Amino acid sequence: MKGTTPFLKIFTILVFLFLYSPIIVMVVFSFNESKSIGVFTNFSFRWYEKVINNPEVWKALFNSFWVGAVVTIVSLVLGLMMAMAVTRYSFSGKSILESLILIPVIIPEIAEALSLLIMYIFLNIPLGPVTVIIGHIAFDVSFVTIVMRARMAGYDKSIEEAARTLGANEFQTFFRITLPTLYPAILAAGLLAFTLSFDDLIKTLFTTGPGFKTLPLIVWSSAARGGVSPELNSLSSFALSISFLFAVFRLRAERRLER
Amino acid sequence: MNDVFSVELENIVKRFGNVVAVDHVNLKIRENEFFSLLGPSGCGKTTTLRIIAGLEEPDEGIVKIYGEDVTDVPTHKRNIGMVFQHLALFPHMNVFENIAFGLKMRKVQKEEIRRQVKKILEIVKLEGLENRRVNQLSGGQQQRVALARALVIEPEVLLLDEPLGALDLKIRQHMMVELKNIQRRVKTTFIYVTHDQTEAMTMSDRIAIMKDGKVQQVGTPLEIYYRPSNTFVASFIGEAVNLIEGEVRENGLVDTSLGTIYCTESLTKGRVAVMVRPEMVEISDKLHDVDNLFKGTVQSIIFKGSYIEYRVDVQGNTFIVHKHGSAELERMHHPGDFVEIGWRKNSSLIVPI
Amino acid sequence: MAIWFYAPFFIVGLYSFDMININRQIVFTPSLVHYSRVLSWTGAMGIFLRSLYFAGVTVLLCLLIGYPVAYYISFKIKKYKDLFIILFIIPFWVSFLLRTYAMMSILDERSFLNTLLTSLGLIDSPIKIMYTDAAVILVMVYDYLVMMVLPLYANLEKLDKTLLEAASTLGAGPVRTFLKVTLPLSMPGILAGFLLVFIPTVGEFVIPELVGGPNNYMVGNLIYEFFMGARHWWIGSALSMLFIAFILSLVIAYVRKIGERGLAF
């Protein structure tokens, strides 16, 4: 449709504008000197200083990182095992297991989070970092498994057989052949698990105990309490740059995967 | 012929669910032989090879390598090499690391590994490519790496599972000659699985033809081409074949719907098929010096380069006739022409049904 | 593994069937009383219908906005196609919460956008959109647009473009080619996009909480109210179970009809 091309072009540009402008406005106004969120007066690091000098932010950032790391490692090990089980072996109830893996991805997060909370209370488990981690893992494993399963579908099993004909036992085959060839998939899945955990709000919100906060929790509580503010703008921009960094890593891992 | 057997299969049976993939297979493969398992897809040839490798466990039967029962020995402890259909090169390793893998598993000294890899790279003509990544190589080069990797461990038997399938025709033809040369040089038993009869015929000392999990015939390429043991082998081997069913009347005579056909021998009695290869059949306006002669009409003619293929209708039966030689162009028959076809009695062979 | 994940739902299930009493003891007298209370309560029904309506409008807007974009990138961009798609995805690298907050920062009455529009004389007074239905839907579109565009784009990319040439050699004009060939063939992408946008939006909790008011609540907020506000876990559980069943049946219907392939890209 030749005649519609300019229209499509303008429309696409407008959509891109729609996608970028809120984020750009937020970042720009995080550097605003005045308290206004509507008029930019002068460039300043004033709000960043406030954020950086807030020990609560650093504590939350630290919490987000270590929770994310633990969740990533455990989810990877479990997800790899599950993905290998469903892609390599056939056993009774396999298709049921596969659906059971998929379901956590589609259940509304608020229902998941509150169910977790109810369970912890019912079982008298004290809330804190451990309950947060358990909650994250229970759901991230599904994502990891799905990503790994998709990547492993095209995996050529004969390279393992080749290793065995060359004299490698099962242990050597796994560590020298299977794991290294799956490395890009593991990296991509790991970064996904980390991002999911790092960015998670709802599950953390309902399964955390007193005093244990992650970065999204701080953003959430100030946004819910006070709405838009320049200080929150700079905190968000700060958090945004971290999410961004991990997204770039993930993209690079995926690029490597395609090669 | 000294009869040392490198691989022996005794009554091997393998089932997948209800399907019998390998059905009581018995094979004795001689030392340093180039042996092919040839058959259509799904005939059980690959499964048989994988049983020799230990990648599949047989439900029944015994596998012996140099007289030793290895049926329960795991793959990595059998001294075999294998080249896989899709090569299965390790994508995360370079050429050197791929080839050295088997030696490393055998805890060979570093210096020795380097020396052996260098030697094998010479044999497969890949000198100087040690540090290339495998995905930077051409199809033919990858082929050589896979071969080198399997050969460097000096296996007692080398198993090859349709390794040339993915290559272009020209490279494939070249690799066939190469493979045979390499086999002569390294002096190892090669067991070669293929569905391509040209590959099997070109390289093999002996061929086993398989169908539906059963071995149909074992023999040299010549035996298999000229002395097929049944009609399946007769029609599977060669580009085309003429088979006429009939009843043996007496030695050398078979009654068919086309009349009596003269053959050299007929040890069997009862219903048989008479086999005539298309290149044995003469075609002309008027034929002399043939024992079997039929009148027919040319149905179609296909120019195939080095020869011409005629399809000739004789009383409702189609005969395929291959005619070689450039002179034929001037005396070409055309569709609709009345012709005579025929052959000498020693060209017609009796095949049991 | 699966047990680990499903244990919470098992307990919620027990609550919903009235099998856990106020002292957190399991009692073996199942009852459907909480389900019947939820189902006969018009207030809950109203919120459920509102959620459907919000999610439905969001899906529709995502389709109307996303289709031309996916179409343009897939059909009209020759070079740097991947770059365009990455440029499209970049805003979605920012976490969901931060995206929502970024939208708040321009929807706010005091925001830069409102100041700009007022000073340009385009509007007399700032647009008061926060805490309305429109704000909830707008932010949901912003947050979930990618879920519509990516499956659509993947679908359009796979579409054999010679089919369009074939249609035009057979005498179909551009409009007819689009309506009779492109659109029907991109149906799987549209349906996948529908599901991928509808499911998270219908169960949305954060967006109505942040940019909506009590009058813009959705099912997620209602479940939250029962658990955390009213502390009536039995009704909250029954509501959760019903809602999960609703979403699962949607997905099962989709998978039965189309298979799970369209959802993974």
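Thr145(A) sits in helix H6 of chain A, which covers residues 129-153; helices here are DSSP runs of H or I with at least four residues, strands are runs of E with at least two, and both are numbered from the N terminus. Thr145(A) is buried, with a relative accessible area of 1%. On that scale, buried means under 20% relative accessible area, exposed means over 50%, and partly exposed is in between, using a 1.4 Å probe and protein chains only. Thr145(A) and Ile96(A) are 49 residues apart in sequence, and their C-alpha atoms are 15 Å apart in space.

A word on the ground rules: this is a predicted model, where local features need pLDDT of at least 70, side-chain atom pairs count only at pLDDT 80 or more, and totals for chains, interfaces and linings use all residues. Residues are numbered from 1 along each chain as its sequence is written, chains are lettered from A and ligands numbered from 1 in the order in which they are written, and side-chain values use heavy atoms, with hydrogens and water left out.

## The two chains

Chain A has eleven helices and zero strands, so its pattern along the sequence reads α-α-α-α-α-α-α-α-α-α-α. Its C-alpha atoms fill a box of roughly 70 × 65 × 35 Å along the principal axes. Of the 259 residues in chain A, 54% count as buried.

Chain B brings in strands: eight helices and 20 strands. The box for the C-alpha atoms of chain B is roughly 75 × 45 × 40 Å, again taken along the principal axes. Chain B has 353 residues, and 52% of them count as buried.

Val28(A) is partly exposed, at 37% relative accessible area. Together with Ile24(A), Phe40(A), Phe43(A) and Phe45(A), Val28(A) forms a nonpolar patch on the surface, with about 480 Å² of accessible area in total. To join a patch, a residue needs over 30% relative accessible area and no salt bridge; like charges are linked within 9 Å, and nonpolar side chains (Val, Leu, Ile, Met, Phe, Trp, Tyr) within 5 Å. The areas themselves come from the Shrake-Rupley method with a 1.4 Å probe, and for residues only the protein chains shown count as cover.

What about the loop between H1 and helix H2 (46-52) of chain A? Asn32(A) is found there. Asn32(A) is buried, with a relative accessible area of 0%. The side chain of Asn32(A) reaches the backbone nitrogen of Ser34(A) at 3.4 Å.

## Salt bridges

Side chains of opposite charge can pair when their charged atoms come close. Glu231(A) is partly exposed at 28% relative accessible area, and Lys50(A) is partly exposed at 43%.

In chain B, Lys28(B) forms a salt bridge with Glu8(B), with the closest N and O atoms 3.2 Å apart. Lys28(B) lies in strand E2 (residues 19-30) and Glu8(B) in strand E1 (residues 5-16), so the pair ties together parts that are 20 residues apart in sequence. Lys28(B) is partly exposed at 43% relative accessibility, whereas Glu8(B) is buried at 10%. Glu309(B) and Arg311(B) also meet in a salt bridge, at 3.2 Å from N to O. Here Glu309(B) is buried at 5% relative accessibility, and Arg311(B) is partly exposed at 30%. Back in chain A, salt bridges that share partners join Glu109(A), Glu112(A), Asp200(A) and Lys203(A) into one network.

## A negative patch on chain B

Glu57(B), Asp59(B), Glu68(B), Asp69(B), Asp72(B) and Glu156(B) gather in a patch of negative charge on the surface. In this count Lys and Arg are positive and Asp and Glu negative, while His and the chain ends are left out; each charge is placed at NZ of Lys, CZ of Arg, CG of Asp or CD of Glu. Glu68(B), one of the patch members, lies in strand E5 (residues 68-69) of chain B. Glu68(B) is exposed, with a relative accessible area of 52%.

Methods. Salt bridge = Lys/Arg side-chain N within 4 Å of Asp/Glu carboxyl O. Polar contact = N/O pair within 3.5 Å; in protein donor to acceptor, adjacent residues only side chain to side chain.
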